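Here is a friendly briefing to keep beside the viewer. Take a look at the sequence and the structure, then read on.

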Amino acid sequence: MKSLSNDLFEKQISKLVISILPLPNTQQYKTIEYLINHIFVVFKKLTHLIFTESSYSNIVELRCDPPMKFCSSTLLPTDFYDKLILPFLYQMSNLERLNLSISVEKIFIDRLNLTNDIINHFLRLNQFTFDIHSIMTINNEIILPTEEDFPNRQILSYIDHFPYLNQSQYHIYTYPSQMSFHPNISNQYPGGYYPTVRLISLYDEKPFEHEFFLRISQLFPCVEKLILCNRQPQKYKQSSKLIVQYFHLIELDIVDIYFDYIEEFLCDTRTFFRNNIRLRINDSALIHETDYFRREDTRMNCSKVNDFISYGPWRSWKSFQEYFPSLKHNFSIPSFYLV
């Protein structure tokens, strides 16, 4: 790594985003350990350090105050947090401002952890913002955060239990949040306003009703990519006449879902989004809910799709091409699919 240590790296680079390919835990641990041990030797002016999985390479960059922002969208095992992240932070004992964003498993990082592991170690810390997801396969008792532990800061938190996955999720963060990505949002998600968020994923083992999507569009008005995972049918499909509006949405992923959510997003009496949508969708659900591309109240939203991730043989059908007139036709169809 020293071979990179020239004037450019030492004196000019202040923000570094490191994309991590999925690796076995041992290899990933060694990779992150090596980077942490050498990063400040090479990048002497570094104020922003972000670890991200390669799949999140398009996360929107945000402006943050120095001297340090540490982010990780990679799910870190507990020993990563204890043996790498905390010792890494302790090297910067004079920190005055810290933005910590991590996801960990096998431990719930709660108010007590943050006080003992962070607050008590940085006596000069006067601004501490964080966004922390914790996932466990058992239900441990959690000490919920209180504002008294973090003066002049509002702390939001919630907990979810997912019996099917045999997991519990705990999310604690400072508000207002400056993060660009919020994962695994459920029906339990608290209120607020998050104009900096560009990517969200929605997951629950309880149904998402139409009112939930209305709330999501108001909480995250600038969301650009939405990923939905919910296999439970809606119970109150006709309960609201208000249309959910996504003014900035450019990518929609609705593969791992119950059929109801195809109608929720593609029916123009329920959802509005602008043109040039990239759609990833369950093939059989799409055919079923559009009545083989003949249904009228889903035609409008389908006409706004210009990029479609699917390789079904029906892409060569005339009815499909008329239903998706804006679709880029730069894909190839095997000859045995043509009719």
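How much accessible surface does the chain have, and what share of it belongs to carbon and sulfur atoms? The accessible surface comes to about 17,200 Å², and 51% of it belongs to carbon and sulfur atoms; areas come from the Shrake-Rupley method with a 1.4 Å probe, and for residues only the protein chains shown count as cover. This is a predicted model, in which local features need pLDDT of at least 70 and side-chain atom pairs count only at pLDDT 80 or more, while totals for chains, interfaces and linings use all residues. Residues are numbered from 1 along each chain as its sequence is written, and side-chain values use heavy atoms, with hydrogens and water left out.

**The chain overall**

- The chain has 9 helices and 15 strands; helices (H or I, at least four residues) and strands (E, at least two) are DSSP runs, numbered from the N terminus.
- Of the 339 residues in the chain, 48% are buried; buried means under 20% relative accessible area, exposed over 50%, and partly exposed in between, with a 1.4 Å probe and protein chains only.
- Among contacts with a separation of 6 or more, 69% are between residues 24 or more positions apart; a contact means heavy atoms within 4.5 Å.

- The average pLDDT of the chain is 78, and 71% of the residues score at least 70; pLDDT is the predictor's confidence in each residue, from 0 to 100.
- Confidence is lowest in strand S3 (residues 68-76), with a mean of 45, and highest in strand S11 (residues 244-246), at 97.
- Residues 54-75 have pLDDT below 50, and this stretch has 76 contacts in the model beyond near neighbours in sequence.
- Residues 330-339 also have pLDDT below 50, and here the model has 8 contacts beyond near neighbours in sequence.
- Where pLDDT is low, the predicted coordinates should not be read in detail.

**The parallel sheet**

- An open sheet is formed by 6 strands in the order S8-S9-S10-S12-S14-S15, with parallel pairing; two strands pair if DSSP finds at least two bridges between them.
- Its edge strands are S8 (181-185) and S15 (305-309), each of which pairs on one side only.
- On average, neighbouring strands of this sheet are turned by 10° against each other, direction ignored; axes are lines fitted to C-alpha atoms, for helices over the stretch in contact, and angles run from 0 to 180 degrees between N-to-C directions.
- S10 (residues 225-230) pairs with S12 (residues 251-257) in the parallel sense over 5 bridges; Lys225 has Glu251 in S12 as its bridge partner, and Asn230 stands opposite Ile257.
- S12 also pairs in the parallel sense with S14 (residues 277-281), over 4 bridges, and Ile254 has Ile281 in S14 as its bridge partner.

**Helix H5 against the sheet**

- H5 (residues 210-219) lies across S8, S9 (199-203) and S10, and runs at about 160° to S9.
- Why is H5 largely enclosed by the rest of the structure? The reason is that 7 of its 10 residues are buried.
- The buried residues of H5 are His210, Phe212, Phe213, Leu214, Ile216, Ser217 and Leu219.
- Their cover includes S8, S9, S10, S11 and helix H6 (260-266).

- His182 is in strand S8 and is buried, because its relative accessible area is 0%.
- Leaving aside neighbours within four places in sequence, the contacts of His182 include Asp131, His171, Tyr194 and Phe220.
- Val197 is another contact of His182; the C-alpha atoms of these two residues, 15 residues apart along the chain, are separated by 7.0 Å.
- Gln169 is found in strand S7 (residues 167-175) and counts as buried, because its relative accessibility is 3%.
- The side chain of Gln169 reaches the backbone oxygen of Asn184 at 3.2 Å.
- Beyond residues up to four places away in sequence, Gln169 touches several residues, including Phe108, His133, Tyr158 and Asp160.

**Backbone details**

- Tyr175 and Pro176 are joined by a cis peptide bond, with omega about 5°; Pro176 is in the loop between S7 and S8.
- Tyr292, in the loop between helix H7 (283-289) and helix H8 (299-302), has a positive phi near 55° without being a glycine.
- Phe293 lies in the loop between H7 and H8, and its phi is positive too, at about 65°.
- Are these two residues buried or partly exposed? Tyr292 is partly exposed, at 45% relative accessible area, whereas Phe293 counts as buried at 2%.

Methods:
A polar contact is a pair of N or O atoms within 3.5 Å; within protein, one must be able to donate a hydrogen and the other to accept it, and residues adjacent in sequence count only if both atoms are side-chain atoms.
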